[in-house]
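Reader: Hello! Please pick one spot in this molecule, give me a close look at it, and then lead me from there into the rest.

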Amino acid sequence: MGQAAGLRLRALRSQGTAVRLALAVSRRVGGAVVRNRLRRRLREAVRAELAGIVPGVDLLVSAGPEALGWSFQELRAHLREALRRAGAWAEGPESQKR
């Protein structure tokens, strides 16, 4: 399990080569509009970091209220850190281009 302030990430190896994503945003974050906005931002952050994620992994990303105040770049940095801690970040040459 990877954890960065405001983000928790669980990674599980799967049979295929696709990266599958599940998002969970706590009600403590705010109303439906706020939670959905954070889900969209998380989905886009994962999409932006897809080249560095180990193929064939299922991800569960849980976000707390702290994630609301982050810029998109901070969100990506916290996501990368959580991916590293969960062992789902490929440390190959593709991921070094960031």
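Author: Let's start with Arg28, which counts as exposed because its relative accessibility is 65%; exposed means over 50% relative accessible area, buried means under 20%, and partly exposed lies in between (1.4 Å probe, protein chains only). Before we go on, this is a predicted model, where local features need pLDDT of at least 70 and side-chain atom pairs count only at pLDDT 80 or more, while totals for chains, interfaces and linings use all residues. Residues are numbered from 1 along each chain as its sequence is written, and side-chain values use heavy atoms, with hydrogens and water left out.

Arg28 sits in the loop between S3 and H1. Along the sequence, 36 residues separate Arg28 from Gly64, yet in space their C-alpha atoms are 7.3 Å apart.

Which residues of H1 are buried? They are Arg35, Leu38, Leu42, Ala45 and Val46. Looking down the axis of H1, you find these buried residues within an arc of 95°, so they line one face of the helix; the arc is taken from the directions between the helix axis and the C-beta atoms. Val33 and Arg47 are exposed, on the face of H1 turned away from the buried side.

What do the buried residues of H1 pack against? Their partners are strand S2 (7-13), strand S3 (20-25), strand S4 (57-63) and helix H2 (72-86). Let's visit some of these partners in turn.

S4 has seven residues, six of which are buried, so the rest of the structure largely encloses this strand. S4 pairs with S2 in the antiparallel sense over seven bridges, where pairing requires at least two bridges found by DSSP. In that pairing, Arg13 stands opposite Val57 in S4. S3 and S4, by contrast, run parallel and are joined by six bridges, and here Leu21 stands opposite Leu59 in S4.

The buried residues of H2 are Leu75, Arg76, Leu79, Arg80, Ala82, Leu83 and Ala86. Down the axis of H2, these buried residues fall within an arc of 165°, so they line one face of the helix. On the other side of H2, Gln73 and Arg85 are exposed.

Ala82 is buried, with a relative accessible area of 0%, and its C-alpha atom lies 9.9 Å from that of Ala11, 71 residues away along the chain. His78, also in H2, is partly exposed at 23% relative accessibility. Leu83 is in contact (heavy atoms within 4.5 Å) with Leu9, Ile53, Leu59, Ala88 and Trp89, leaving aside its neighbours within four places in sequence.

Leu83 brings us to the largest nonpolar core, a group of 22 residues in which Leu9, Leu42 and Leu83 touch the most other members. Such a core is a set of buried Ala, Val, Leu, Ile, Met, Phe, Trp, Tyr and Cys residues joined through side-chain atoms within 4.5 Å. S2, H1, S4 and H2 each supply at least two residues of this core, and H2 gives the most, with five. In soluble globular proteins, nonpolar side chains tend to be buried together.

Finally, step back to the whole chain. It has two helices and four strands, running β-β-β-α-β-α from the N terminus on. Buried residues make up 37% of its 98 residues.
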